[in-house]
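Subject: A structure for you to look at

Hi there,

Here is the structure I promised to pass on. Please open it beside this email and follow along as you read.

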Amino acid sequence: MTSHVPSYVRQLFTLLLWGIIYYLAGLISLKFDDPNSPIAIVWFPSGVAVAAFLLSRWRSYLTLFVILTLASLLLTEGWQHKPLISLIDALLSMPANVAVAWAVRRFARLNDDLHTILICITATLVFSGLDALIIGGGYALIHQQPLFSLFWQNFIADVTGIIFATTVIMGFVNRRLEPASCNLQTGLLGGALWLLLCVSIWFIFGYPLLWLQHNAAALYFALACLPIILAIMLSVAWGNRGGSLALITLGLGVIYYTNHQHGPFFLKGLHLNESLLLALSYLSATALLIVFIRVLKHSTNSFNPDTGRITGKGVIYSLNPRTGILHWEDELGSLFEQQVPSKLDTMDDVMQWVHPHDQGKLRDHWLLNDSPQPRPPLVFRIQMPKGEWLTLVDNSCVLLDEEEQSIIVGNWQASHYHQDS
């Protein structure tokens, strides 16, 4: 049944949902807050904000900025007593997240996942550093505390929060990543790996291995690699969502036990805050490793070396060349990276989104088809609602005669290649 809810209502609901997720992530982060420090040690909302801006339309940025700022304001301690100071703090915490998302969307290259990751990491380090300098410097002046300490605490909290939380969220919602095949064997394997991951976290981080702590500290520390291996295996078995599930499980377990002074990161001579920062670095490194595993899996998909066409059934269509009416046999959302361009019911509708240099080629590909034999594949570009260009392949375009009229049948598939504008 087609939904009659207006698009702006759905969009507003999505933005409010981001605000709720941001607030809940903040509540979790504040559970590990240090009352003696004005800056949080763990701050997952930064990653939620970056993911939200990455997945939202440009025109929704202002509304999303306001919603997330209000959520950040509610998380600020004492906002009811000092609303102006709390509002300034909430406003200053958001621009760095917007800047990271803008840099990724502005400079990332389509179909080049490794380049996108490098842009994201670089932008995270640069803008988190500027954010830590401004906010840390402000707190250093107000609370008369050393700038160096506050800067590094703010910087590490932002960087680890962005890398970890953004990786988790993008793993759940990114459709471009290859999902795991759904069958009983894969499901059982993934379930077994997840249980082993939970047991390994409890044994290594929660169970008091006093003998290893005192007599084989290096071995005890090395055991922390076992959950990483299991998390990677779960990511391979259950795809990108399995990897995100593994990260959530690992993150909650490691931070909980470390905060309760258990596990290999609670070492002699280290303050609790330092142990938590070490645990966050461990989780961030695991998140980056899983991201690179995702990229490796995605880049090894089979594709045609001439067109870059990625293996898959694509989206089948039928076109009446006389009326220009198009009928799609499959869900277009399975093909496009983001929201499907609205109204692709006619050939003219499609041409409004096709790159100007490719419109003539696609029109000739369709209208000059006077043979029942398949035509050579055509590579063309189509624009997404957010402005990016997606490279597609029109494959197996054939002419059929049905009920005394000619019908063109073909399919669209995503291409691994990126064509310059």
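Predicted model: local features only at pLDDT ≥ 70, side-chain atom pairs only at ≥ 80, totals over all residues.

Let's start with helix 2 (residues 45-55) and helix 7 (residues 147-173), whose axes come within 6 Å and cross at roughly 45°. Helix 2 and helix 7 are therefore oblique to each other. The crossing of helix 2 over helix 7 is right-handed. On the helix 2 side, the contact is made by Ser46, Gly47, Val48, Val50, Ala51, Leu54 and Leu55. Helix 7 brings Asp158, Gly161, Ile162, Ala165, Thr166, Ile169, Met170 and Val173 to that contact. Sorted by class, the contact of helix 2 with helix 7 has ten nonpolar, four polar and one charged residues.

How many cavities of 30 Å³ or more does the structure hold? There are three cavities of that kind. The second largest cavity has about 40 Å³ of space. Its lining consists of Ser46, Ser93, Ala96, Asn97, Val100, Phe127, Ser128, Asp131, Asp158 and Ile162. Helix 5 (95-107), helix 6 (113-143) and helix 7 are the elements that give two or more residues to this lining. Four of the lining residues of the second largest cavity are nonpolar, four are polar and two are charged. You have met some of these names already: Ser46, Asp158 and Ile162 line the second largest cavity, and Ser46 of helix 2 and Asp158 and Ile162 of helix 7 are part of the helix contact above.

Helix 7 has another partner to show you. Helix 7 packs with helix 11 (residues 225-259) at an angle of about 145°, with their axes 7 Å apart. Helix 7 passes helix 11 in a left-handed crossing. Here Phe164, Thr167, Val168, Gly171 and Phe172 of helix 7 meet Asn240, Arg241, Ser244, Leu245, Leu247, Ile248 and Gly251 of helix 11. The class count for the contact of helix 7 with helix 11 is six nonpolar, five polar and one charged.

Finally, turn to helix 8 (residues 184-206) and helix 11. Their axes come within 9 Å and cross at roughly 25°, which makes helix 8 roughly parallel to helix 11. The crossing of helix 8 with helix 11 is right-handed. Their contact has 23 nonpolar, eight polar and no charged residues.

Enjoy exploring!

Best wishes

Note on methods:
Residues numbered from 1 in each chain as written. Heavy atoms only, no water. Axes fitted to C-alpha atoms, helices over the stretch in contact; angles between N-to-C directions. Helix = DSSP H or I, 4+ residues; strand = E, 2+ residues; numbered from the N terminus. Parallel < 35°, antiparallel > 145°, perpendicular 65-115°, else oblique. Left-handed = near helix turned anticlockwise from the far one by under 90°. Contact = heavy atoms within 4.5 Å. Nonpolar A, V, L, I, M, F, W, Y, C, P; charged D, E, K, R; others polar. 1 Å grid on protein atoms, 1.4 Å probe; cavity = no way out; pocket = protein on both sides within 12 Å on 5 of 7 lines; lining within 4 Å. Points joined across faces, edges and corners; volume = space filled by probe spheres on them.
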